[in-house]
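Please walk through this structure with the model open beside the text. The account begins with a single residue and widens from there to the contact between the chains.

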Amino acid sequence: MHRSPELSRTELDAEDRVTAPEWPSDDPQLAADRALRHELHGLDESTLPTNLRTRIMKAARRRQQPGWWMGLAAAVFVGLAVALFIEPLDQSGDSPRVTESDLQELHLALASLELGARRAGSATSSQLGQSVITTQINLQEVPYAQHFKRWIQPYLSTTH
Amino acid sequence: MKQRFERLVDEHGGRLLQIACLMLRSRAEAEDVVQDCMVKLWRHLSELKPGAESGWLVTCTRNACLDQLRNRNRRRGFLQLVTGETDRLSHVDNPPQHEMETAERAQRLRTAIAEMPEPGRSLLILRDIQQIDVATVANTLSLTENQVKVYTFRARRTLRRRLEEETHAQVA
């Protein structure tokens, strides 16, 4: 290792001879190199002890845990969000329930609206009737009350 | 993916531990390095193509060992500076000297390999001890195949010379 780092053909050939078993080892240097190589090959066992294998497996499993913990943390976060925000909203936001009195108020309001509209219509026609050529329009009852009644009816049956 | 990981741990774990032990000369540090590399493998397994794992693992282990050695040298330098303490860290966790000749020889070999400069040390471990093919080693160490051959040859000769010198010194 103290020689020039340049590769020499002699050394390259020598190494090929050391590692090639078919090459005759009549050269004492070559024989010594081969003996040392053989000795080095049998130097130590290369088996993995059971306790080290167990340690490695445990360490690898521990490395898996961050992902698992992230999943758990995400699940806890979502759970907390549901518990803190969605449920209170559900409790505080009263569901729309129509009572009998609400319905009566609605009927009264619609009747007032209808009466008001009829009065306005008759007043307008009487005011304009003198100057405007009128045609006979047969206005029927405005169907608001019936329309809303149909819409309200399902709620009415559940509240009773 | 878990099955693939377990298979790779069983297939390469022992080899990586051997590399780390030979480079670091400390069983505890070597086990930590192998564990870290295996955990890194687990994290990057989905990105690795099948068949590329072996080279990746060897590179990871070698780089981790080199980092560890650099840190150790830094600590040793600091200790020498502060307390004048010398060379204690290089022998941490060395097993006790055996009386049998083969065990002594193996110990001397391990020590000599650990003291080799890079890339010679890695080449001796990968090419001679683990007998990994030239192409894989070249790819792992970012060398050409001819460089792998020549540098391995030189490293082996250097190791031989050191062992012979040590033997002569003991005899003398």
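This is a predicted model: local features need pLDDT of at least 70, side-chain atom pairs count only at pLDDT 80 or more; totals for chains, interfaces and linings use all residues.

B:Ala30 counts as buried because 25 C-beta neighbours lie inside 10 Å of it, where a residue is called buried if 20 or more other C-beta atoms lie within 10 Å of its own, exposed if 12 or fewer, and partly exposed in between, with C-beta atoms placed from the backbone. The residue is found in helix 2 of chain B; helices (H or I, at least four residues) and strands (E, at least two) are DSSP runs, numbered from the N terminus. Leaving aside its neighbours within four places in sequence, B:Ala30 is in contact with B:Leu17, B:Ala20, B:Cys21 and B:Leu24, two residues being in contact if their C-beta atoms, placed from the backbone, lie within 7 Å.

Residues are numbered from 1 along each chain as its sequence is written, and chains are lettered from A and ligands numbered from 1 in the order in which they are written.

The loop between helix 1 and helix 2 of chain B holds B:Arg25, whose phi is near 60°, a positive value in a residue other than glycine. B:Arg25 counts as buried, because it has 23 C-beta neighbours inside 10 Å.

B:Leu124 leads on to helix 5 of chain B, where it is one of the buried residues. Nine of the 10 residues of helix 5 of chain B are buried, so this helix is largely enclosed by the rest of the structure. Leaving aside neighbours within four places in sequence, the contacts of B:Leu124 include B:Ile113, B:Met116, B:Thr152 and B:Leu159, and also A:Leu40. In the loop between helix 4 and helix 5 of chain B lies B:Pro119, and the peptide bond from B:Glu118 to B:Pro119 is cis, with omega near 0°. Helix 5 of chain B is followed by B:Gln131, whose phi is positive, near 50°. B:Gln131 counts as exposed, because it has 11 C-beta neighbours inside 10 Å.

How do the two chains meet at this helix? The axes of helix 2 (residues 28–41) of chain A and helix 5 of chain B come within 8 Å and cross at roughly 85°, with axes taken as lines fitted to C-alpha atoms, for helices over the stretch in contact, and angles running from 0 to 180 degrees between N-to-C directions. That makes the two helices roughly perpendicular, a label for angles of 65 to 115 degrees, while those under 35 count as roughly parallel, those over 145 as roughly antiparallel and the rest as oblique. A:Arg37, A:Leu40 and A:His41 make this contact from helix 2 of chain A, and B:Leu124, B:Asp128 and B:Ile129 make it from helix 5 of chain B.

Over the whole interface, the contact takes 36 residues from chain B and 29 residues from chain A. Helix 7 of chain B gives the most to the side of chain B that touches chain A, with 12 residues.

Chain B averages a pLDDT of 84, pLDDT being the predictor's confidence in each residue, from 0 to 100. Among the elements of chain B, helix 5 of chain B has the highest mean pLDDT (93), whereas pLDDT stays under 50 over residues 84–92 of chain B. Chain A, with five helices and zero strands, has a mean pLDDT of 74, and 64% of its residues reach 70 or more. For the complex, the predictor gives an ipTM of 0.74 and a pTM of 0.60.
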